[in-house]
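Work through the exercises below with the sequence and the model at hand. Each task is followed by its solution.

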Amino acid sequence: MPTVQNQNIIAVLPELVRVVRGQSNSINLSLHENYIGHHLNIGIANEVKIDLYDTANTLVASFSKSQGNLNYGSPDEDLRGLVSLPLTGEQTAAIPFGDSTVYGAIRAKITVTLGINTIILPTLKVATVYDAGMEIGDIVASRFTLPGMVYSVKSFSISEKPSQGQIII
């Protein structure tokens with residue numbers, strides 16, 4: 001679990017996200033106060049801002065409480081410090097590869113304002129970016145995650161015979 005901390009604020013990423021260029025994805029992380037398990041109440045914080053940058057330090061996406069585009073848990077729930085950062089296919093397609101041209105990365109810069117204190121957390125790597133067709137361990141990255149329909153229904157009568165691409169129910 002990648003973790004960064006500054007003063008009493010801790011950001012925890014459950015796992016490094018694998019992003020395929022051109023495919024939408026979501027990065028989930030949690031913010032804690034004082035110790036892991038005590039979620040930061042983002043609802044009462046003055047501001048929480050998370051900027052996502054690629055390997056070239058180009059801004060990919062920006063989320064903040066004040067802009068209203070930061071998805072976080074309800075203030076009255078135990079999981080009020082959970083944050084979801086959605087990325088569109090267009091945003092991921094624009095992410096360049098690193099110097100090695102093997103993969104890219106997404107890093108998060110997190111700023112939390114509580115009262116008059118502004119806390120800037122160290123940069124946290126939240127995702128590795130792959131291109132479609134690249135091998136990731138035993139699997140091949142693909143832009144297509146859901147299979148398309150393969151068969152069409154020919155009829156509901158058992159007496160008929162289906163042809164290629166048809167099914168009888």
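**Exercise 1.** Determine whether Asp 51 is buried or exposed, then find its salt-bridge partner.

Solution. Asp 51 has a relative accessibility of 11%. Buried means under 20% relative accessible area, exposed over 50%, and partly exposed in between (1.4 Å probe, protein chains only). Asp 51 therefore counts as buried. This is a predicted model, in which local features need pLDDT of at least 70 and side-chain atom pairs count only at pLDDT 80 or more, while totals for chains, interfaces and linings use all residues. Residues are numbered from 1 along each chain as its sequence is written, and side-chain values use heavy atoms, with hydrogens and water left out.

Next, apply the salt-bridge criterion: a side-chain nitrogen of Lys or Arg within 4 Å of a carboxyl oxygen of Asp or Glu. The partner of Asp 51 is Lys 49, with the closest N and O atoms 3.8 Å apart. Lys 49 is partly exposed, because its relative accessibility is 33%. The structure holds 1 salt bridge.

**Exercise 2.** Identify the ring whose face lies under Lys 109.

Solution. The test requires NZ of Lys or CZ of Arg within 6 Å of the ring centre and within 35 degrees of the ring normal. Lys 109 lies over the face of Tyr 53, at 4.5 Å from the ring centre.

**Exercise 3.** Locate Asn 34 and Asn 57 and give their phi values.

Solution. Strands are DSSP runs (E, at least two residues), numbered from the N terminus. Asn 34 sits in the loop between strand 4 (25-33) and strand 5 (47-53); its phi is near 75°, a positive value in a residue other than glycine. Asn 34 is partly exposed at 48% relative accessible area. Asn 57 is in the loop between strand 5 and strand 6 (59-64), with a positive phi near 60°. Asn 57 is exposed, at 54%.

Terms used
Helices (H or I, at least four residues) and strands (E, at least two) are DSSP runs, numbered from the N terminus.
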